[in-house]
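The sequence and coordinates are shown below.

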Amino acid sequence: MNAATKIEAILYLKGKPLSISEIAEYAACDRATAEEGIIDLIDDYARRDTALEVVETPNGYCLQLRSDFQDLVQTLIPVELGVGALRTLAAIALNSPMLQTDLINLRGSGAYQHVQELVELGFVKKRRDSDSRSYSLQVTPKFHQYFQIEQLPSPFSSPQQQRQLELKLESTSEVE
């Protein structure tokens, strides 16, 4: 087995960027051999028609999916969202569009972090509201596509139903 093949296996198994010295240590070879192996690998992947590539990052060398395939990553790998972020997303979806200040009143200050995460993931669009100093939040087409929801049901078919529910909640809380 040549050095490049062994280094390829190491990069695959570690799944994170590695420095030349780390690669040399794992491959049980000197730095020069590791550098040569990396160059061979980079060259080999560049010539092949493959979904993978070996690249140098600020943290070292890694084996990764070519950027042409990032849309597949978004489609095929499920997004990890915590319970809090999911609840915040649900609140935004049910009230879309809604002001960030209203969301914070509803969900608490932890929702600021949730909004940032949801915007980065592309589920929520955030823009400055013209009528207030807050931001307007609404779900994006990616939200509908990812959760396979064409249209969310309105929680209340009329403002009258919402007011009736609020009155019921007020009267039950007075009893407690």
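## Surroundings of Phe 123

Leaving aside neighbours within four places in sequence, Phe 123 is in contact (heavy atoms within 4.5 Å) with Val 79, Leu 81, Leu 89, Leu 118, Gln 138, Val 139, Thr 140, Lys 142, Phe 143, Tyr 146 and Phe 147.

The model is predicted: local features need pLDDT of at least 70 and side-chain atom pairs count only at pLDDT 80 or more, while totals for chains, interfaces and linings use all residues. Residues are numbered from 1 along each chain as its sequence is written, and side-chain values use heavy atoms, with hydrogens and water left out.

## Nonpolar cores

A nonpolar core is a set of buried Ala, Val, Leu, Ile, Met, Phe, Trp, Tyr and Cys residues joined through side-chain atoms within 4.5 Å; buried means under 20% relative accessible area, exposed over 50%, and partly exposed in between, with a 1.4 Å probe and protein chains only. The largest such core has 17 residues, of which Leu 89, Ile 92, Leu 103, Leu 118, Phe 123 and Val 124 touch the most other members. At least two residues each are supplied by α5, α6 (100–107), α7 and β5 (135–139); helices (H or I, at least four residues) and strands (E, at least two) are DSSP runs numbered from the N terminus. The largest share, five residues, comes from α5.

Apart from this core lies another, of 16 residues, including Ile 7, Ile 20, Ala 24 and Ala 34.

## Packing of α5 and α7

Helix α5 (residues 83–95) packs with helix α7 (residues 111–120) at an angle of about 80 degrees, and their axes are 9 Å apart. That makes α5 roughly perpendicular to α7, a term covering angles of 65 to 115 degrees. Axes are lines fitted to C-alpha atoms over the stretch in contact, and angles run from 0 to 180 degrees between N-to-C directions.

On the α5 side, Gly 84, Ala 85, Thr 88, Leu 89 and Ile 92 meet Ala 111, His 114, Val 115, Glu 117 and Leu 118 of α7.

## Sheet and cis peptide

Three strands form an open antiparallel sheet in the order β3-β5-β4, where pairing requires at least two DSSP bridges between two strands. Because β3 (98–99) and β4 (124–128) stand at the edges with a single partner strand each, one side of each is left without a neighbour in the sheet. Met 98 stands opposite Leu 137 in β5.

Pro 97 is placed in the loop between α5 and β3, and the peptide bond from Ser 96 to Pro 97 is cis, with omega near -5 degrees.

Key
Angles under 35 degrees count as roughly parallel, over 145 as roughly antiparallel, 65 to 115 as roughly perpendicular and the rest as oblique.
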